Structures are given as C-alpha cells and as structure tokens.
Amino acid sequence: SWRDVESDTPFSLLFVTSDDVLWVEVLEDQLLRQEQLQLIAAMARAIRGASVRCAHQQFDWPPAAGSAVAAAGGMEGMLSGFLHRLTSDHATRHIVQLGACEVLPASDLLMHQIPSSLEMLRDGSLKQSAWSVLKPLCASD
C-alpha cells in the first residue's frame, strides 16, 4: 500500500481527464513526454468517441512551494484532496491506472489497470492487453 512509500521520495503523477474517465500514471523521471499524452488521448477517444476532450494536470510531490503546505495534510492528504476535486469536477466514474501507482489513495470509483504508457510505447504488443481492459468501457453509457 502507499504507506510503504517514503513520502519524502519525490514523484510526479499525471492525471488526464476525458469525460467520466480519469487516467493516472506515475511519471518516470518525473518527466512528461508528449507521446504519453498522445497515447492516452488516443485510448480516450477509442472508448469515449472522437470528440472527447482531454485535459491533463500534474501532481508533483513535494510541492514546489515548500513544506508548509506539505506539512498540513502530508502527501496523502494533499493527493486525496487533489483527486477528490478532480473526480468531482469531472463526474469521474472510472479510473484507469497506467502502470504501478502505489501512492494512489483508495477510491470508490471503478479501477482499471493497464500497462504504463511508456511500457506500451516501448512494446506495442502491450497495447492489446490494455485494450482488453479498456474495451468493456466502450459500452458504458
């Protein structure tokens, strides 16, 4: 669980919203690559239609502003608040987790796990296993 993760280890999470689906991925080296956004957008269109609008946000830990904010709720509190706002604003029903993400707080939303976008970009055959997870989402209203 996330409790095993040292909260002083810096990390960045990528959140991409597309209709009622939220895509979450831990950014390798804390760097966001354009190809990752393009791949996630392509998957979002595949399950939510060509007109779906994707928007992305990044959650960085520790916060750049310094430790005062961080100390208030700690990483868990901040991330939970961030996630709650995001899912409320977008009426999120599904979370697609790309790759391992130990820091993600538990949620009542439907969770779907697929390989990370970088893994899929490096090994195209993984897209099929991702699609087998995502395909049932096409039918949801």
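The expected span of a helix is 1.5 Å times one less than its number of residues, and this definition is used in the second legend below.

**View 1. The protein chain as a whole, in a predicted model.** Four helices and five strands make up the secondary structure elements of the protein chain, and from the N terminus on they follow the order β-β-α-β-α-β-β-α-α. Of the 141 residues in the protein chain, 40% are buried. Among contacts with a separation of 6 or more, 60% are accounted for by residues 24 or more positions apart. The protein chain exposes about 7700 Å², of which carbon and sulfur atoms supply 52%.

**View 2. Helix α1, residues 34–48.** With its 15 residues, helix α1 reaches 21 Å from its first C-alpha to its last, which is close to the 21 Å expected at 1.5 Å a residue. The buried residues in α1 are Gln36, Leu37, Leu39, Ile40, Ala41, Met43, Ala44, Ile47 and Arg48. An α-helix has 3.6 residues a turn, so residues three or four places apart point the same way. After α1 comes Gly49, which has a positive phi, near 95 degrees.

**View 3. Ser18 and the residues around it.** Ser18 lies in strand β1, which covers residues 11–18, and this residue counts as buried because its relative accessibility is 0%, where buried means under 20%. The side chain of Ser18 makes a polar contact of 2.8 Å with the side chain of Trp23. Leaving aside residues up to four places away in sequence, Ser18 touches Trp23, Ala44, Arg48, Val52, Arg53 and Cys54; of these, Ala44 and Arg48 are also among the buried residues in α1.

Terms used
Residues are numbered from 1 along each chain as its sequence is written. This is a predicted model: local features need pLDDT of at least 70, side-chain atom pairs count only at pLDDT 80 or more; totals for chains, interfaces and linings use all residues. Side-chain values use heavy atoms; hydrogens and water are left out. Helices (H or I, at least four residues) and strands (E, at least two) are DSSP runs, numbered from the N terminus. Buried means under 20% relative accessible area, exposed over 50%, partly exposed in between (1.4 Å probe, protein chains only). Contact means heavy atoms within 4.5 Å. Accessible areas come from the Shrake-Rupley method with a 1.4 Å probe; for residues, only the protein chains shown count as cover. A polar contact is a pair of N or O atoms within 3.5 Å; within protein, one must be able to donate a hydrogen and the other to accept it, and residues adjacent in sequence count only if both atoms are side-chain atoms.
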